[in-house]
Amino acid sequence: MAQGCLKCLKYTMCVANFLCFVSGVALLSFGIYLMVNLRIAALTPSLASLNIPSMLLISGIIITCVSFLGFLGALKENRCLLLTFFLVLFLLMLVELTAACLLLIYEREIGELVTKDLNDGLKNARHSSTNATKMSDWDVVQEMFKCCGVNNYTDWQNNIPKSCCNPPCKGKELAYYSEGCLEKLKNWFEDNFLSTGISVIILCIIEVLGMCFAMTLFCHISRSGLGYKL
């Protein structure tokens, strides 16, 4: 009976970690694709390393490596790999909780930093309108969120891009989106706050289950005297 439970736990861990590995590879590929095809670093110059493609790339690498550890540890019944998997998951959970607490504590400071950075990014784009990359970054955001500038279209002064135009974009006097992108982005984050919170909770539950499975399998292997089987 115990051996049957052990095998069931082992293969459950293998399947779960394999699915996580596939998800990690997909996330990694998507991050590389966005990094190559959508350069949005010009929006926030000082936060260029924290843009969405970079975060997806880092997340993909972490998920891939951790799930590979768990998969190999369960498949080979290796106590060293299982313990490493447990410790890495535990550290990831601590980092996530710390990051969440810091975001809540320094919410205003982060908001001010992002606002200042967006204004700097817009100023750079406005003074170098010949740079297609910088303009395309703002064009993507403005067309996606139907906004213009940081606060409103006057931020662009006399160099308002076509992406600010509120359809139909015909005639001599064009109508521009009245809302700024900063307010639109804030509203978008608020609208998706619940789904983001649920996703974080689900992620934490998966991590806790992963740690429980790893430690249970580790204890079963220790009791059975398999040692550091390879």
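Hi everyone, let's start with a cysteine: cysteine 147 has 0% relative accessibility, so it counts as buried. Keep in mind that this is a predicted model.

What does cysteine 147 pair with? Its partner is cysteine 181, and the two form a disulfide with sulfur atoms 2.1 Å apart. Cysteine 147 sits in the loop between helix H5 (132–145) and helix H6 (181–191), while cysteine 181 is in helix H6, so the bond ties together parts that are 34 residues apart in sequence. Cysteine 181 is buried too, at 2% relative accessible area. The S-S torsion of this pair is about 90°, so the disulfide is right-handed.

A search of the whole structure gives 2 disulfides. The other one I'd like to show joins cysteine 148 to cysteine 164, S to S 2.0 Å. Here the torsion is again about 90°, which means a right-handed disulfide. Both cysteine 148 and cysteine 164 lie in the loop between H5 and H6, 16 residues apart, and both are buried.

Now to helix H7, residues 193–224. Its 32 residues reach 46 Å from first C-alpha to last, close to the expected 46 Å. Other buried residues in H7 include Met211, Ala214, Leu217 and Phe218.

That takes us to the largest nonpolar core, with 15 residues; Met13, Ala74, Leu82, Ala214 and Leu217 are among those with the most contacts inside it. Which helix gives the most to this core? H7 does, with 5 residues. Finally, look at alanine 74: beyond its sequence neighbours within four places, alanine 74 touches Lys10, Met13, Cys14, Leu82 and Leu217. Thanks, everyone!

Technical notes:
Residues numbered from 1 in each chain as written. Predicted model: local features only at pLDDT ≥ 70, side-chain atom pairs only at ≥ 80, totals over all residues. Heavy atoms only, no water. Helix = DSSP H or I, 4+ residues; strand = E, 2+ residues; numbered from the N terminus. Expected span 1.5 Å × (residues − 1). Buried < 20%, exposed > 50% of the residue type's maximum accessible area, 1.4 Å probe, protein only. Core = buried A, V, L, I, M, F, W, Y, C linked by side-chain atoms within 4.5 Å. Contact = heavy atoms within 4.5 Å. Disulfide = S-S within 2.5 Å.
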